[in-house]
Amino acid sequence: MAKTQITAEPGIPQVVITREFEAPRDLVFRAYTDPELIVRWLGPRELTTRFDHHEPRDGGRWRYVSTDPAGNEHGFHGVFHGTPSMDGIVQTFEYEGVPGHVALETVTFEEAGGRTLVRSVSSFQSVEDRDGMVASGMESGVRTSDERLEELLVELQGR
């Protein structure tokens with residue numbers, strides 16, 4: 001099974017996440033851009049996620065809300081920079097529970113032999129912002145999301 005690699009170098013306000021999936025690039029890209037698929041893999045298993053809006057185009061906005069079993073809601077939003085394509089997705093990301101701490105995220109998709117390497121680079125305004133995101137439990141959420149995405153890709157390929 002593929003493993004998610006999360007790197008947060010000391011003193012650098014970035015988090016780099018890589019994961020290889022056993023699926024073609026076009027399918028992985030679709031899973032990253034189709035809101036009906038995104039809600040099936042994004043976040044911890046105990047949360048449900050819904051999109052308020054999702055406009056995957058240059059300047060388009062997105063916002064989703066994750067709800068925990070107790071009914072607590074957690075909102076996230078951002079703006080696309082450039083039109084998402086299989087060459088990459090660039091967007092801002094902000095957790096509404098801690099407003100004003102915006103990250104710029106770049107996701108790329110590299111296919112080789114029917115497998116796709118996804119590389120996500122999140123650039124924060126400061127090392128403190130990056131450390132706050134890491135301390136929030138981000139690692140667990142990322143790993144669970146990647147596991148759920150792998151399961152979804154297997155299902156979509158009929159394997």
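Predicted model: local features only at pLDDT ≥ 70, side-chain atom pairs only at ≥ 80, totals over all residues.
At 1% relative accessibility, V15 counts as buried, where buried means under 20% relative accessible area, exposed over 50% and partly exposed in between (1.4 Å probe, protein chains only). Residues are numbered from 1 along each chain as its sequence is written, and side-chain values use heavy atoms, with hydrogens and water left out.

**Around V15**

V15 is part of strand β2, residues 14-21. Strands here are DSSP runs of E with at least two residues, helices are runs of H or I with at least four, and both are numbered from the N terminus. What does V15 touch, leaving aside its neighbours within four places in sequence? The partners are I6, T7, A8, S120, V121, S122, F124, R130, V134 and M138, with contact meaning heavy atoms within 4.5 Å.

**The overall fold**

Stepping back, the protein has 3 helices and 8 strands. Along the sequence they come in the order β-β-α-α-β-β-β-β-β-β-α. The radius of gyration is 15 Å, close to the 15 Å that the globule rule gives for 159 residues, so the protein is as compact as a globular protein of that length. That radius is taken over C-alpha atoms, and the rule is 2.2 Å times the number of residues to the power 0.38. Along its principal axes, the C-alpha trace spans about 40 × 35 × 30 Å.

Buried residues account for 40% of the 159. If you look at contacts between residues at least 6 apart in sequence, 46% of them join residues at least 24 apart. On the charge side, there are 16 positive and 27 negative side chains, and the centres of the two sets lie 3 Å apart. Lys and Arg count as positive and Asp and Glu as negative, while His and the chain ends are not counted. Each charge is placed at NZ of Lys, CZ of Arg, CG of Asp or CD of Glu.

In soluble globular proteins, nonpolar side chains tend to be buried together. A nonpolar core here is a set of buried Ala, Val, Leu, Ile, Met, Phe, Trp, Tyr and Cys residues joined through side-chain atoms within 4.5 Å. The largest one has 24 residues, and V28, Y32, W41, F109 and L153 touch the most other members. Two or more residues come from each of α1 (25-33), α2 (35-41), β4 (61-67), β6 (89-95), β7 (103-112) and α3 (127-156). Which element gives the most to this core? That would be α1, with 5 residues.

Y32 is a handy place to start clicking: beyond four places in sequence, Y32 touches I38, W41, I89, V107, F109, V118 and L149. Apart from this core lies another, of 6 residues, and V15 is among them, along with A103, F124 and M138.

L47 and E46 both sit in the loop between α2 and β3. Are they buried or exposed? L47 is buried, with a relative accessible area of 19%, whereas E46 counts as exposed at 51%. Outside four places in sequence, L47 is in contact with S66, T67 and D68, and E46 with T67 and P69.

G75 is in strand β5, residues 73-79, and counts as buried at 10% relative accessibility. Beyond its sequence neighbours up to four places away, G75 touches R63, Y64, V65, E94, Y95 and E96.

Here are some C-alpha distances next to the separations in sequence.

| Pair | Apart in sequence | C-alpha to C-alpha |
|---|---|---|
| L47 and E151 | 104 residues | 17 Å |
| G75 and M86 | 11 residues | 26 Å |
| E46 and D68 | 22 residues | 6.5 Å |
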